[in-house]
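Let's take a walk through a protein model together. Have the sequence and the 3D view open, and follow along section by section.

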Amino acid sequence: MFGTNSNDYFWVDKLDGTTGSGTLSVNSTTGYPQVATYEGENIYIGTTQAILKFETAGSVTTLVSGTGNISDIIYADGSIWASDNENNTVHKYELSTGVHTQISVGRKPVALVYDGASIWVANYDDSSLTR
């Protein structure tokens, strides 16, 4: 489980029963945490304004700033994918190169899934799927 409270304190409850904790800087630049994904080493957080990397050692780095509300985030094929339901886009952040690409999709993308070959995007406002 990942969460924050009103004091901008975050906690991570691990499946092995241990807990890690620390502080997460939440401000007008980073936004408020909405969703998270894990790629085997780090946790990536989609906020109301950014995509953040939370290293298990405790540091937080902004990967992409100036996004809209991130409604879903996944790791697939070496990249972080995040649906931005305010700007009708999906952000792709390639972990090996740091290249950020913004991809136009349907209206109000709310969910992402990877089928082993493609990223599928569920778009709420126009009841469509984008691949």
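This is a predicted model: local features need pLDDT of at least 70, side-chain atom pairs count only at pLDDT 80 or more; totals for chains, interfaces and linings use all residues.

## The overall pattern

In total, that is 14 strands and zero helices.

The average pLDDT of the protein chain is 85, and 78% of the residues score at least 70. Over residues 1-9, though, the pLDDT is below 50, and in the model this stretch has 23 contacts beyond near neighbours in sequence.

The protein chain has 131 residues, and 38% of them count as buried.

## Strand β9, a covered strand

Now zoom in on β9, which covers residues 79-84. This strand is mostly covered, with six of its six residues buried. Look at which way the residues point: Ser79, Trp81 and Ser83 go one way, Ile80, Ala82 and Asp84 go the other way, and all are buried.

## The neighbours of β9

Which strands does β9 pair with? One is β8 (residues 70-76), joined to β9 in the antiparallel sense over six bridges. Ala76, for example, has Ser79 in β9 as its bridge partner. β8 and β9 make a hairpin with two residues between them, and in the turn Asp77 has a positive phi of about 50 degrees.

Another partner is β10 (residues 89-94), again antiparallel to β9 and again over six bridges. These two strands form a hairpin as well, this time with four residues between them, and Asn88 in the turn has a positive phi of about 55 degrees.

## A closer look at Ser83

Is Ser83 buried or exposed? The relative accessibility of Ser83 is 0%, so Ser83 counts as buried; the cut-off for buried is under 20%.

Who surrounds Ser83? The side chain of Ser83 makes a polar contact of 2.8 Å with the side chain of Ser71. On the β10 side, Ser83 stands opposite Val90. Leaving aside neighbours within four places in sequence, the contacts of Ser83 include Asn69, Ile70, Asp72 and Thr89, and also Pro109, Val110, Ala111 and Leu112.

## An open sheet elsewhere in the chain

Next, find the open sheet of four strands, which has the order β4-β5-β6-β7 and antiparallel pairing. Its edge strands are β4 (33-38) and β7 (60-65), and each of them pairs on one side only. Ignoring direction, neighbouring strands of this sheet are turned by 25 degrees against each other on average.

How many bridges join β6 to β7? There are five between β7 and β6 (residues 50-55), and the two strands run antiparallel. To spot one yourself, find Leu52: its bridge partner in β7 is Thr62.

Notes:
Residues are numbered from 1 along each chain as its sequence is written. Side-chain values use heavy atoms; hydrogens and water are left out. Buried means under 20% relative accessible area, exposed over 50%, partly exposed in between (1.4 Å probe, protein chains only). A polar contact is a pair of N or O atoms within 3.5 Å; within protein, one must be able to donate a hydrogen and the other to accept it, and residues adjacent in sequence count only if both atoms are side-chain atoms. Contact means heavy atoms within 4.5 Å. pLDDT is the predictor's confidence in each residue, from 0 to 100. Two strands pair if DSSP finds at least two bridges between them. Axes are lines fitted to C-alpha atoms, for helices over the stretch in contact, and angles run from 0 to 180 degrees between N-to-C directions.
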